[in-house]
Amino acid sequence: VTRVDSDDIIDQVFLVEVEGTDHKLPAHTADAALATSTDTRRRSSQAGIKHLSPSSPQSLLPISDWQAARDAATFGVRTSLDGHNAGRTYEFRAESKESCIQWLQQIEEASRLAKWNAGTSVPFLEKARNTKKKCYDSFPIQIIIAILILFNFALACIRVEIMPEEGTSTSKLFDDIDIFFTAIFTFEVLINLFGNWFYPFWKVGWNVFDFVIVSASLISIPLSNVPGFSPLRLLRVFRVVRLFRR
């Protein structure tokens with residue numbers, strides 16, 4: 001953005017710091033009427049700001065001191081909070097609706113290219129990992145996991161205490177409950193592995209411990225009746241040790 005009869009830059013928005021664009025203005029600007037194009041040109045000239053032609057690479061009019069309704073030719077550019085523009089949203093008005101759409105497309109495309117070249121573009125998988133990691137590490141999720149571990153440990157103790165005979169309905173009930181908990185803890189390990197992919201997961205000893213216990217539980221399910229593999233069930237009790245990491 002430059003002043004009239006001058007090439008001095010009075011403000012700038014870096015493409016790598018563009019967080020997004022908005023075609024509609026905020027609701028609080030929708031109550032007043034938009035001035036005519038001629039009046040807008042006159043006021044912008046009085047304010048000392050150039051109104052450039054649509055064909056120019058700088059054909060945008062910054063809107064800073066006006067009361068406007070939502071307009072088809074008006075759009076906003078959001079900037080990153082930690083960038084040069086400190087999260088400010090800049091509002092612009094193009095010559096027409098068609099010109100506005102062109103500018104939106106060009107700005108978004110140029111911003112993506114600039115971020116890619118600068119190495120600041122975050123791929124979809126990376127965003128998904130960050131989201132899953134943040135969710136998994138949150139306090140409520142960790143409390144829920146701890147409760148499930150305690151509940152599973154209590155059921156294991158009850159099973160050892162009553163020692164139901166194999167093949168009975170009680171034994172089958174405990175087997176089904178054990179499969180249920182194994183599925184939950186397997187899903188938990190997979191989410192943790194995905195969120196901390198790849199080396200960050202394995203460098204934490206508790207994560208390796210979780211992986212070994214869950215793997216042993218998965219192996220023991222189809223091999224529970226095979227001689228020599230039944231002791232794998234005992235490893236499931238060690239799930240409660242995972243509470244020390246929490």
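Here is a quick tour of the chain shown above, from its overall fold down to a few single residues.

This is a predicted model, where local features need pLDDT of at least 70 and side-chain atom pairs count only at pLDDT 80 or more, while totals for chains, interfaces and linings use all residues. Residues are numbered from 1 along each chain as its sequence is written, and side-chain values use heavy atoms, leaving out hydrogens and water. The chain has 246 residues, with seven helices and four strands.

**The overall picture**

- Going along the sequence, the elements come in the order β-α-β-β-β-α-α-α-α-α-α. Helices (H or I, at least four residues) and strands (E, at least two) are DSSP runs, numbered from the N terminus.
- Some 32% of the residues count as buried. Buried means under 20% relative accessible area, exposed means over 50%, and partly exposed is in between, with a 1.4 Å probe and protein chains only.
- The accessible surface is about 15,500 Å², and carbon and sulfur atoms make up 63% of that. Areas like this come from the Shrake-Rupley method with a 1.4 Å probe, and for residues only the protein chains shown count as cover.
- Of the contacts with a separation of 6 or more, 68% are between residues 24 or more positions apart. A contact here means heavy atoms within 4.5 Å.

**Cysteines**

- The disulfide count is zero, going by the rule that a disulfide is a pair of cysteine sulfur atoms within 2.5 Å.
- Cys100 is buried, at 0% relative accessible area, whereas Cys135 is partly exposed, at 43%.

**Where α5 meets α7**

- Two packed helices are described by the angle between their axes and the distance between the axes.
- Helix α5 covers residues 169-195 and helix α7 covers residues 205-220; their axes come within 10 Å and cross at roughly 145°. The axes are lines fitted to C-alpha atoms, for helices over the stretch in contact, and the angles run from 0 to 180 degrees between N-to-C directions.
- The crossing of α5 and α7 is left-handed, which is to say that the near helix is turned anticlockwise from the far one by less than a right angle.
- On the α5 side, the contact is made by Thr182, Phe185, Thr186, Glu188, Val189 and Asn192, and on the α7 side by Asn207, Asp210, Phe211, Val214, Ser217 and Leu218.
- By class, that contact has five nonpolar, five polar and two charged residues. Ala, Val, Leu, Ile, Met, Phe, Trp, Tyr, Cys and Pro count as nonpolar, Asp, Glu, Lys and Arg as charged, and the others, Gly among them, as polar.

**Backbone details in the loops**

- The peptide bond from Trp197 to Phe198 is cis, with omega near -10°. Phe198 sits in the loop between α5 and α6 (199-202).
- Met163 is not a glycine, yet its phi is positive, at about 45°. You'll find Met163 in the loop between α4 (139-162) and α5, where it is exposed, with a relative accessible area of 59%.

- His23 is in the loop between β1 (18-22) and α1 (37-46), and it is partly exposed at 30% relative accessible area. His23 and Leu104 are 81 residues apart in sequence, with 7.9 Å from C-alpha to C-alpha.
- Leu243 belongs to the segment after α7 and counts as partly exposed at 22% relative accessibility. Leu243 and Ile145 are 98 residues apart in sequence and 9.0 Å apart in space, C-alpha to C-alpha.
- Leaving aside residues up to four places away in sequence, Leu243 touches Ala146, Ile149 and Leu150.
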